Amino acid sequence: MPGKLNSLKCFCEHCNVMADYDVVKKTELFPVYGEQVEIQASVAVCKNCGTELFNEELDSKNLLMAQNLYRKKHKLLTAKQIIEIREQYGLSQRAFAKLLDWGDKTIRRYEAGSVQSRAHNSLLLFLQHPQNMSEFLKQNEIMLDENQLKNLKQRIALLNNDNSDDFDYGYISTLFPAELSLDNGYKEFDFDKFASCVLYFIDKLPELLIVKLNKLLNYTDMLFFKQNGVSLTGTRYVHLPYGPVPDQYSILYGMLEKRGIVVSEFEQLENGYEKHVLKAGKSTIESMLTPQELAVLDEVLKKFALFGSKQIADYSHNERGYKETKQGDIISYAYAEFIEW
Ligand SMILES: [Zn+2]
């Protein structure tokens with residue numbers, strides 16, 4: 001943002017003061033992998049004396065421009081394409097780095113703009129195709145933990161099949177048992193209702209972490225069951241370390257993502273953890289919710305809107321249905337009557 005830059009000052013050695021400056025365009029050569037790349041650089045120039053000033057922000061922008069030009073010239077993947085390849089598999093930067101056996105920082109640097117080596121570029125190009133990823137995974141599955149591996153295999157299976165809705169619905173029906181029981185709240189899983197609930201929360205909470213969304217969905221179904229004797233979405237919930245989560249949630253969110261209804265973003269935190277956020281995508285679907293269902297969603301939202309992910313996870317840990325089940329167990333809707341409300 002040039003406007004913002006112009007309001008700041010830079011040190012001018014000639015005038016020996018922090019000076020106001022103009023941003024001007026100038027042809028410059030930047031070295032990238034030992035090659036001089038010519039760009040139209042933006043440089044800061046002292047308003048008083050016209051001396052060129054050092055400005056870190058402009059400098060890194062120029063470098064990025066040179067790196068992108070180099071990538072284009074050598075037909076290397078852009079940073080954005082690298083992000084897309086990783087995200088189509090639903091992998092975080094850390095998990096992707098582990099799978100590729102690259103340093104933790106390598107993929108982060110590439111996605112931030114550093115130019116990848118030709119060997120790394122070839123591997124990424126190869127893995128762009130799900131069938132290749134599937135082959136690669138056979139040799140390297142030891143690099144991922146059980147959960148990551150399961151999610152990745154499901155993603156590949158999804159990507160390898162066609163995009164028609166018929167397939168998705170058929171596929172979903174194989175994921176969950178059709179029998180009505182306390183596991184699904186006496187309702188067969190309803191993907192449209194599930195998607196509508198996800199979109200409801202994304203719409204109301206623009207920076208929605210998956211950890212939190214999972215809990216919101218659980219409370220929605222439990223509360224609806226408590227009030228009506230049947231669940232809203234037919235989702236089964238599983239006891240995982242961070243609280244109750246929808247069974248197969250990764251594949252369900254993946255389906256929404258594949259249709260462009262949601263996008264997931266990963267953000268590296270300073271403490272080494274990663275934030276996984278869901279946002280609204282370009283496509284949309286019509287909400288399939290009745291006024292009665294919306295009322296329950298409103299209630300859940302009202303109670304938890306201001307809760308952070310950790311707060312709501314901690315809160316859900318106190319529920320009887322969580323306390324009395326073990327990791328990996330389905331949490332029965334029989335526990336709905338005990339939820340604190
Ligand atoms: Zn000056």
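**Labels and their grounds**

Guide: The chain has 15 helices and ten strands, where helices (H or I, at least four residues) and strands (E, at least two) are DSSP runs numbered from the N terminus. The model is predicted: local features need pLDDT of at least 70 and side-chain atom pairs count only at pLDDT 80 or more, while totals for chains, interfaces and linings use all residues. Residues are numbered from 1 along each chain as its sequence is written, and side-chain values use heavy atoms, with hydrogens and water left out.

Visitor: What makes Cys-12, Cys-15, Cys-46 and Cys-49 donors of the zinc ion?

Guide: Donors are N, O and S atoms within 2.8 Å of the metal (3.2 Å for Na, K and Ca); water is not among the atoms, so sites may look incomplete. The SG atoms of these four cysteines lie 2.2 to 2.3 Å from the zinc ion, and their spacing along the chain is C-x2-C-x30-C-x2-C.

Visitor: Why is the site of the zinc ion called tetrahedral?

Guide: Four donors count as tetrahedral if all angles lie between 85 and 135 degrees. The angles among the four donor atoms here are 105 to 114 degrees, so the site is tetrahedral.

Visitor: Why does Cys-46 count as buried, and why does Cys-49 count as partly exposed?

Guide: Buried means under 20% relative accessible area, exposed over 50%, and partly exposed in between (1.4 Å probe, protein chains only). Cys-46 has 3% relative accessibility and is therefore buried, whereas Cys-49 has 29% and is therefore partly exposed. Of the 341 residues of the chain, 45% count as buried.

Note on methods. Tetrahedral: all angles 85-135°; square planar, octahedral: opposite > 155°, others 65-115°.
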